[in-house]
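Here is a quick tour of how the pieces of this structure sit against each other. Have a look at the picture before reading on.

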Amino acid sequence: MKRNWLAYPYILWILVFVLFPMVLVLGYGVVVKTDTGFALTLQHLQRVFEPIYLKVIWRSIVLAFISTVICLFLGYPVAMILANQNFKQRNVFLALIVIPMWMNFLARTYAWMSLLERNGLINQFLNFLGLPNLNILYTDYAVVLGMVYNFLPFMILPIYAVLSKTDRSLIEAAEDLGATPSVIFRRITFPLSLPGVFAGIIMVFLPAVTTFAISRLLGGGHYMLIGNLIEQQFLTTQDWSFGAALSTVLLIGILLIMKVLGRYERDSGGGVLW
Amino acid sequence: MKNLGKILLVGILILSVSLTITGCSKKYETTIKVYNWGDYIDEEVITQFEEQYNIGVIYDIFATNEDMYVKLSSGGADYDVAFPSDYMIKRMIDEDMLLPIDLNNVPNYRHIEDRFKDLEFDPSNEYSVPYMWGTVGILYNKTMVDDPVESWEILWDEKYAKQIFMLDSQRDSIAVALKLLGYSLNTRNIEELEEAKELLIRQKPLVLAYVGDEVKDKMIGNEAALAVVWSGDAVYMMSENPDLEYAIPKEGTNLWFDSMVIPKTSKNKEAAEKFINFMLETEIAFKNADYIGYATPHKEARAMLDEELTSDKTFYPDPEDLTNTEVFKDLADFLPEYDRIWTEVKAN
């Protein structure tokens, strides 16, 4: 029990900046103003499950899911290459993955806007080669592209962290016993990397499902995602109760996902996040 | 590596100390906080005010009336002067968020044209002093549009599919549909709103994007043929790209006013009034109007502006040109209906 006091600032931080806002959000979501004061209600939470809002939530989940899958398929091989002991330029490549993240995320998303637009750089280049124009700005493709681009490092880094710590002797033993590379990957490397994979999935899926900037800028505001819907409740409509109810449902959904993935993670001997 | 860290740390310390020193070198008698739209002032004017009155100005910007309202109503900000629009001023008056302005302390108020005084949202100009005004209309690229642009209808023309920018703002976009249908843009009739919704959903496949301020760069860069824009932005875009032209549709449109107000949170009303008065000095009002391109309600400043601009009825319409325009009213408890309509347009 010694040195417990070191934790106090941390606990205070959690109380003030995590717990208190969360209680506020929950409170706003279940309270309604009446003539005499305030009363508890489920009307805001019920409204979240109206078909129109379910449509918005479903679209957010689908786009985030697609982005996460693409990030996984792009990120895993990159992480494997980085974790390879014979790979000499590892630090250079790691820096190349990390450095863009030092730049503001909105600035990078704006940059994609000018790259993808009709008279943008990519189309100028395609025209120069005599190829047809690529018009994906303001479509779902651009939204997925923006998500994958922004969140890919969050997939690569945790997988890389786990892979680089994998016990080489296990792989050597498998090789000695005559396992082919594909068997080694399926039976040893991949199962051992699962904690990193789950951490990566969580770290990509969460920001992707809640984004409101990418869908606004690259999606041209054609479709509302849940992030946009929540923003609209707080800013334009001033319906803080409904906004809070939406946030609450989103929060519970995310906690459930993390719980499920967290269990797998523990089962496979990891525990990166939980 | 350790040394590098030390050097960096020392560097940062020196930098921060020197910044604090320079920060203190200008000592003003007092400071005021001003909250304005982005890109809505000639920033030289602020420095001029600071020097002339020995009052420092902390200048912040917002992107929408709603952003500003949330920040002021949550009590987290203590601004002395803000620049909301008509319907928002009404809401702020109703919610007791503004201080009355003593017009005796704002003698330059006499320069304001009479038609911009005593407007409906502030009937006796107790709380607000006009800053700029304008309309909403269609900006089009002459090289891409060969039909005459005189009706909102053109925004539903399949010929221009994926060449149209709409505003990503529920009030403004629903207003376009309501006006095309011949209804009031302040309607509280659900059936009329439903019709507007159907119209907007029908238009959606033709729209390239629902945008905010970035429409300026896009239209200047020839990214689309048609866009719904505010009149003053149109002046700026046309000056950057001569192929662009602005039109007010015949069905009528939204007429708006941005005015200066003093929020209740102000701790220095006297300095705030000085600032408002300064903004109405002929030279200053001219500078701002010339810089940002919006129409000024200031008689003398208008006379100083380029004749070509002020005689253009699309940018300086006369009262008789404005018969079918409407000013937004605060919808108050009816706002959720507009929100629902817009969400249904966006979710489909």
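Let's start inside chain B. Domain 1 of chain B and domain 2 of chain B bury about 1,500 Å² between them, with carbon and sulfur atoms giving 61% of that area. On the domain 1 side, Tyr87(B), Tyr294(B) and Phe315(B) lose the most area to domain 2 of chain B, together 37% of what that side buries. Keep in mind that this is a predicted model.

Where do the two domains run? Domain 1 of chain B covers 6–132 + 257–316, while domain 2 covers 134–255 + 321–347. Their C-alpha centres are 28 Å apart, and the contact draws on 15 residues from domain 1 of chain B and 20 residues from domain 2 of chain B.

The rule finds 2 salt bridges across this domain interface. Arg91(B) pairs with Asp330(B) in a salt bridge, their closest N and O atoms being 3.3 Å apart. Helix α4 (residues 86–94) of chain B gives the largest share of the domain 1 side, 4 residues. By class, that side of domain 1 of chain B holds 6 nonpolar, 2 polar and 7 charged residues.

Now for the meeting of the two chains. Here 29 residues of chain A are in contact with 30 residues of chain B. About 2,500 Å² is buried between chain A and chain B, and carbon and sulfur atoms give 52% of it. In chain A, the residues losing the most area to chain B are Arg118(A), Tyr138(A) and His222(A), together 25% of what that side buries.

The two interfaces can be set out like this:

| Interface | Buried area | Carbon and sulfur share |
|---|---|---|
| Domain 1 and domain 2 of chain B | about 1,500 Å² | 61% |
| Chain A and chain B | about 2,500 Å² | 52% |

Between the chains, the rule finds 2 salt bridges. Glu117(A) and Lys218(B) meet through their side chains in a salt bridge at 2.6 Å, N to O. There are also 17 residue pairs in polar contact across the interface of chain A and chain B, both residues at pLDDT 80 or more. Which helices of chain A supply at least two residues each to the side touching chain B? They are α3 (51–83), α5 (105–116), α10 (213–217) and α11 (226–235). The largest share, 5 residues, comes from α11(A). That side of chain A has 14 nonpolar, 10 polar and 5 charged residues.

Finally, a word on confidence. Chain A has a mean pLDDT of 88, and 95% of its residues reach 70 or more. Over residues 269–274 of chain A, though, pLDDT stays under 50.

Notes: Residues numbered from 1 in each chain as written. Chains lettered and ligands numbered in written order. Heavy atoms only, no water. Contact = heavy atoms within 4.5 Å. Buried area = accessible area lost by both parts, 1.4 Å probe. Salt bridge = Lys/Arg side-chain N within 4 Å of Asp/Glu carboxyl O. Polar contact = N/O pair within 3.5 Å; in protein donor to acceptor, adjacent residues only side chain to side chain. Nonpolar A, V, L, I, M, F, W, Y, C, P; charged D, E, K, R; others polar. pLDDT = per-residue confidence, 0-100. Domains from an automatic or database assignment.
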